[in-house]
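These are my notebook entries on a structure that I looked up. I set down what I asked and what I found.

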Amino acid sequence: MADDMLMMPIRVLSPEYGNEVVATENGLDEVYHTRLVIIDDISRLWLLKLQRQYQVQNEFPKYHQVVRRLGEYIGENFTVNSIHKSSYLRHIAIYWQTMPEVYLDIQIVQVLTGQQKQTSMPIDQWIRYFQSIKTPNAILSDEHVSKLVIESSNSAEDSLVGVKVERFRSDAVKEIRSILNNDKRQVESQLESLLIQNLYPNQERLVRWMLDLLTSGNKINTLKRYLSEIGNGFIAGTRTTDFMQCSKHDYHYLYNEIIAEKNPNKLGFTKTVICSLHHSLKRYYQAPDIDIRGGGDPQIVSSYLIPNQVYHTILNCIAEQETLSDYYKQALSIVTILLYRTGMRISEILGLQVKDIEYDNQGFKEYNVIVRSNAHRDLKSDDGTRRICLSLLLLPKEIEMFKKLFHLKENQSSRYLFTLAYQSSPLSRHSIEQPLKRILENTAYHDLTMHSFRHNVISNMALILRCNPTFAQQFTGYDEMQIVKIKTHFLGKKRRVSTNHWDALMEFAGHADLNTTFSSYIHVADLIASHQLQQAKLTLPLDVVNKLIGTSRMDLKQHNTLALESRDDKVNLSKIRPYVNRKIECKKLKLADYEVKAPHSTSRIIDTDKEQSSAVFGRYSRETIEKLLCDLEDGQTLGDASRLNFRYDDALMIYERALSLVKNDDGTLNHKLISKRRKQGSNHIVIAPTPLHYREEQALVYQCFDNLEALYTSKASRREIKQMLKVFYEKTNTSKSEIRFSFKQEKLFYSYLKIMCQILPSKHWRVNISCIESEPYINEKNKKAYRPVVNKAAQIKRIEEFRQKVPSFESELTSLGTYNGYALTVISPLKQKGNSKLSSALMSYVLHFLLIVDGLTN
């Protein structure tokens, strides 16, 4: 593995705890957990000798045989089950802790000696971790986020259906709840009618359970409470389950996933409800007997790690979806980022409220999440309340994506951070689970669950806190500098070698007990122990090394000039690790190369101390510039308003530019960009762009600035945009929302339209082409006057010319007789008013901003 580390994975039979369940021939299940046996520098030499010796003999002895033989050899006669109590391990632990350059804490000693319950990943998962992933070809639509879609499985139950009937597509939980809320006298008949629908297997079992409860004499309120407690969890957890093949451990996984989202103070009720459901499944569907309340069955852990390339594959697949709306792309991407970086439970993420985000409203650089209970969801325990520093854990481009969504929701006065499109209700678990399952279903990671991300984050954080940055970066996706910052944040500057790292990790995970963190979530404890022992500088005499691996002084020196100390003929074993590894028969695990596509590129090393530069706003952000202008409007001096975030010269330039845009040469207000109706907050005039208040408009503004960032990277595009900014400033006026061009300015109009459609796609624009002429007539006072009339022939000709010149234009082309020429407006993303669509001032906001910051960047 990484850092020339040599590990021997083994499966240890363990009746009470494990991560693998294997069926035996006699129908019983055997439970195993996985350990990575550490091959230190001296053992490495012995391993090579043994491999050569056993090449022509029998296979290696079993682990339990080796341990038993060791017990006989030292006279303690211990076995695998009793070795942790031996004097041998107690004494060797002291030796480990006193080795030079090795800093083993008591928790890692307990891992090494088997006293701490923990498991690594199975060997096939380790091999999978280091392999490349197949590019997903999933197609997502908004329905996969907004609705619960039950996928059909190839189970035996489905194969019995000879006639293909369309499946029951409604939300079964919602349908049952609707029945329970209706006339009580009809509940039983309506449930029976629902049961004979062509339900999916999990829907059928849920309806059967409700019917069973009702016929057993339970009250309707009891059915409602039971359904609310586990109904959605059961449906979401069994979307693709083949019930015919379900073992008792599969049911354990399902019920543990449901329990994991519940308040531990109410687990008694949750388990009672689950027992009721499982009793119905046993009665009607031959489900196996299981011990739901604990004490009889072994603890089975889902041990998962998620490589960085899988994370980026998910993000890339979301970004490339053509049938998924931009809003849901944004929401799915940010939830995935939070899952992969923060270790929050999916329920904690989806229950986040806007008020749960703390941020620096001066510099807009520090963002924290406060995880706490609210009306939408409870935390598992009081220890689950915690603060998570997003600015530290998210990479620069990831935090920018989060900031966009957060400030959008903040400006809308939204309650929840992640909501359904155009609604106030929060996203549900299946809104995230369905798309991710579709993305990964044809890959090696089809078994990934939402909770797998939490296992990965906590394991990665353990590596960060207890290993060197060069080692930790190979697993975490952070660069060395970021790892040092994270470690310092959790442990403090004076405690980089600290005894409180496990307490810090336990607090980060929101656990009340460190045993929970180790036994269920940390799957790299063996790696950490191995890495710590790798730091020891062990030496052996050259003749001993020669006897073990048959090398020579010349071979060692050719490999590494520092391998041999000539004065005393000692071999530095840490210097010959690659040399010995090449001779040992082993599988080399190296992370696969992969391409990270924009805008989620985080593979390159980013110096997070460097100021992130925007092609549009330079070293600043739109939020800080807007705040500067608003503070000046409120009466602050330029020095006070710019002190925290700006170089004074830059702030002065922005201020003078903003003033020049709203004033004429004689000092009077021009009202080209600022309406007369906007009121001053102090004696200072209004200079900031007119804010937008609707979520739909703000979302399009973010899209505009994203497109501008790309356009400004080209000198030619930047030059064209600046030319059109002059056109905009000459023609704009707050009294009308459209930009008008006469027919003599035809060439200028098409140039302007081309640039505007690069900033905001053409589907959001409305073009009006009207040919109006003056016609003389005698008015009521018997005098000659003129009135406008439409020249229909000329108008049709102009419209046809437009369609030929701009065939890619996707939106409205009108011919209302209001102006003789071309008129260009942005269609409001809000609902229609009557039969006509409203216009929006969002492009005025964007272009006003561009005029203000003109000159900040080259």
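The entries below take up helices, a sheet, cores and salt bridges in turn.

**Entry 1: the model.** I noted that this is a predicted model, in which local features need pLDDT of at least 70, side-chain atom pairs count only at pLDDT 80 or more, and totals for chains, interfaces and linings use all residues. Residues are numbered from 1 along each chain as its sequence is written, and side-chain values use heavy atoms, with hydrogens and water left out.

**Entry 2: helix α34.** I took helices (H or I, at least four residues) and strands (E, at least two) as DSSP runs, numbered from the N terminus. Helix α34 covers residues 746–759. I took its expected span as 1.5 Å times one less than its number of residues. For the 14 residues of α34 this gives 20 Å, and the end C-alpha atoms are 20 Å apart, which agrees. Next I looked up which residues of α34 are buried. Buried means under 20% relative accessible area, exposed over 50%, and partly exposed in between (1.4 Å probe, protein chains only). The buried residues of α34 are Glu 746, Phe 749, Tyr 750, Tyr 752, Leu 753, Ile 755, Met 756 and Ile 759.

**Entry 3: a sheet.** I found an open sheet of 3 strands in the order β9-β11-β10, with antiparallel pairing. Strands β9 (539–541) and β10 (564–565) stand at the edges; each has a single partner strand, so one side of each is left without a neighbour in the sheet. Two strands pair if DSSP finds at least two bridges between them. Strand β10 is joined to β11 (residues 570–572) by 2 bridges, and Leu 564 has Val 571 as its bridge partner in β11. Helix α26 (residues 542–549) lies across β9, β10 and β11, at about 85° to β9. For this angle, axes are lines fitted to C-alpha atoms, for helices over the stretch in contact (heavy atoms within 4.5 Å), and angles run from 0 to 180 degrees between N-to-C directions.

**Entry 4: nonpolar cores.** A nonpolar core is a set of buried Ala, Val, Leu, Ile, Met, Phe, Trp, Tyr and Cys residues joined through side-chain atoms within 4.5 Å. Which residues have the most contacts inside the largest nonpolar core? They are Trp 126, Phe 402, Phe 418 and Ile 432, in a core of 131 residues. Helix α15 (residues 326–342) gives the largest share of this core, 10 residues. Apart from it lies another core, of 70 residues, including Leu 629, Ile 721, Leu 725 and Ile 755.

**Entry 5: salt bridges.** I counted a side-chain nitrogen of Lys or Arg within 4 Å of a carboxyl oxygen of Asp or Glu as a salt bridge. The whole structure has 30 salt bridges.

- Arg 69 and Glu 72 form one of them, at 3.9 Å, N to O. They are 3 residues apart in helix α2 (residues 63–74), about one helical turn. Arg 69 is partly exposed at 49% relative accessibility, and Glu 72 is partly exposed at 43%.
- Glu 433 and Arg 429 form another, with the closest N and O atoms 3.8 Å apart. They are 4 residues apart in helix α19 (residues 429–440), about one helical turn. Is Glu 433 buried or exposed? Glu 433 counts as buried because its relative accessibility is 6%.
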